[in-house]
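Colleague: Hi! Could you walk me through this one while I have it open?
Modeller: Happy to, let me bring it up.

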Amino acid sequence: MSSLVTEALASAGKLAKDDWNVKISKLSARAFDTKRELSECIEEEFCNFSSLRESCEDTNAKLTEIRDEAHTLEKSLETMVQDQIPDTTKKFDQLAKEHSKTVELVQVLEKLNFAYFYFRNHELDVKHKNLLQASIKLEKVKQCIESANGMKMVESQIYKALKVEYHLCKEQILYTLDEAWRDSVLWELPGDNGDMTRSPKLTISFSQNQSLSAQDVIYALYVCGTLTYKVEKLAKHCIEHMIKPCILNPGCDLNVKQNSGTSSVMLNNCDRAQDENMEEKEVCNHDEIFTKVLKFLQFLYDSLLKLKLEPEKDAVVMEIFSSFVFKETIKLIVDQCLSKTVPQTKEGLDNYHQVTECVNKFDASLRKIKFLPPSVEKSDLISYVADIHIHFASRRSIDILAEARRLMKLDLHDTEEIKDNERKAELTGDAYNKVREAVNIKKEPEFIERGKELFWKPEHPLSDNTLCLPRCRVSKSSKSILKLAYTTLCEATKSSDQTALKLVFTTEQIFELYMAVVPIYHKEKLSSVPHITAVFHNDCWFLSHHLLTMGHQFTNKLKSKLDGKNLLFVQLVPRLRSIGDEFHLAQLRRQRDQIMESLAPLRNFNSGMDAKLSKYSAAERTVKQTLHQLQHLRKVWKGVFPSNILQRSLALLTDTAISEIVSSICSMEDISSDDSIQLKMICHLMQDQVPLVFKRQDDDEQPETGDSATPWQREVKKWQRLNEIIFVLDSSMTKIVDRWAEGKGPLSMAFTVAEMKSLIRALFQNTERRANAISKIRL
């Protein structure tokens, strides 16, 4: 300690340099002596593994005295006024550097001394089974070693020795804690010892008779940083072998047993083969599932998870446990349990409050045992039941679309004729009654309705068939789909706003699904069976006809529920009609190609079409085959297509046949008189049989004649061409030229100039008369 005089001289700036040098030299010598003593002590303890341990109290006292004198000397240096001793600036800088080294050395010695002190206390705590304090001491040793790392004054051998000793002690205490946890948390799982029938069982037994309590083990594991790993492993087993079977398999049961210091839970009557693939028809008892899950979590909480993580804080092990299983457990409950409680009817939706109360009670129980994190203000369970109207609408939408898909997969050959109200796109049957009830339509007295009818009756009323779909046959599945759409809209009128909006969109999706499913699912039949193609064509037009007015029939009742959106389905009409027309035209192209293929041999009439048959017989066979195809299509399409579409379709195919026959004759280079007669007979066969293809649908015995025959002849554009080719084959050159009439006669309306000249050259010999006749064939 410096004297009062010395301090006064130092403050006045008159302290001699020698006095400073002597003091710093003595202080440095004493510090290095202390370092030597502490180094020898640590080397004997940790480097040389000496069994002798000497007390460090003297060393601690010396360190304290040196630290105090160093602090006093530092204060003396700070009081010196540097401008009063300019001649000693360099000397004082050197003294300051030496002093900083001494201070750093003192700090290193203190850290090593503390590490040595904590090592001694750690060993005593381990010896007395005080694992919490042992872990704390070991953590402080770690801090001392890490803080001393990198200091220049630390000798590498001492630092390495302390580090090795720390790791040895760390492994020793971790092994002790791991052994305590392994002996206290026991799992028995299927497959252990080769027994696959063993039921999952969890036993927790922290015996109270042992000096090592469960709380001490938790404290020590948390301090050592390995508790999270232990709890994560426990959580994975719990979710896989306990929680998931309780949710997925309603047949399992939990058996909980509790004795003094030992608790166990076993899962009984659980068919594990159904854990992942449970049948949908299995009824879900949500209350039973909640009870089993809560029972297991309560067991864990009471036996282990309610223990604190730190002595002075309220955090418990359940908070770590829930961080690993909370989201998956809630998702399992929502997907496998609550999703199956969504009602399918409005009556079930009105009674859903019972499920809501059960979920709220379950949520409160989970919060009580701290399974739900405090940060979760509203769990997914509460959110799910709060949005039950949305889930109900989604469930109804799924069920409706599933029913629509089932109807779309039904065979299309099962048909029936559309009724008058269906032709006018009105509500039918039950759907009509439902919508009347929904909009509260009251029937007026008969005399009032009659008076209105007389008052509003126009002078020139429109026909009852105005804007009506023509009579035809459609598949029963399409009528069922239409009824489903009307029923869905009727249900929307009685539902909440969110549900109504979803049901309206679902109705639109029914027809979107129809356009996507039916052409693909029935693709083979639609391409190969003309009857099915016709029915599908009618179905598309039948549905699109109702879509024109479907939105307007419900607009008034649903206007307030649609949030300003227009209830229109007309945007689907062009697409739906085009799909039906596309398949119908594709079928016509296939039939046209077959007719062309049947009549192709006519082009080889002169060269002999078939060696076994005469030319006429072979040609007659091809024409009869074509007529048979047309008659077959008429029978198939009769009563299915509307009369105008039937007539137009048959007329297109008939035109194809007539055009091919006439073109084949026109392409012949030489037609003898016998060939002319045979070709004329073939054309007469077509002329006689084609009218039979266009019989009235209500009269199969007689073809249409006279004035009634005009409509179909107007549709068959090539009919005149057939009549004129017969005339040409049976007439002289003079009559042909006269009928051409310089390009103004009937022949000029049926044939081109080149075709007419080619026919004359083929029918008549090359004479001057023929040349004159050909010269007159011009426009």
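**The sheet and its helices**

Modeller: Four strands make up an open sheet, ordered β1-β2-β4-β3, with antiparallel pairing. Bear in mind that this is a predicted model.

Colleague: Which are the edge strands?
Modeller: They are β1 (185-188) and β3 (253-259), each of which pairs on one side only.

Colleague: And how many bridges join β3 to β4?
Modeller: Seven, and the two strands run antiparallel; β4 covers residues 262-268.

Colleague: Which helix lies across β1, β2, β3 and β4?
Modeller: That's α8 (residues 227-248), running at about 45 degrees to β1.

Colleague: Switching topic: at what angle do the axes of α19 and α22 cross?
Modeller: Roughly 15 degrees, and the axes come within 10 Å. Angles under 35 degrees count as roughly parallel, so α19 is roughly parallel to α22. The crossing is left-handed.

Colleague: Which residues make the contact?
Modeller: From α19 there are E512, Y514, M515 and P519, and from α22 R575, L576, I579 and F583. By class, six residues in this contact are nonpolar, two are charged and none is polar.

Colleague: Last one: is A651 buried or exposed?
Modeller: A651 is buried, because its relative accessible area is 1%, under the 20% cut-off. A651 sits in helix α24 (residues 643-666).

Colleague: What is A651 in contact with, leaving aside its neighbours within four places in sequence?
Modeller: F694, E715 and V716.

Technical notes. Residues are numbered from 1 along each chain as its sequence is written. This is a predicted model: local features need pLDDT of at least 70, side-chain atom pairs count only at pLDDT 80 or more; totals for chains, interfaces and linings use all residues. Side-chain values use heavy atoms; hydrogens and water are left out. Axes are lines fitted to C-alpha atoms, for helices over the stretch in contact, and angles run from 0 to 180 degrees between N-to-C directions. Angles under 35 degrees count as roughly parallel, over 145 as roughly antiparallel, 65 to 115 as roughly perpendicular and the rest as oblique. A crossing is left-handed if the near helix is turned anticlockwise from the far one by less than a right angle, and right-handed if clockwise. Contact means heavy atoms within 4.5 Å. Ala, Val, Leu, Ile, Met, Phe, Trp, Tyr, Cys and Pro count as nonpolar, Asp, Glu, Lys and Arg as charged, and the others, Gly among them, as polar. Buried means under 20% relative accessible area, exposed over 50%, partly exposed in between (1.4 Å probe, protein chains only). Two strands pair if DSSP finds at least two bridges between them.
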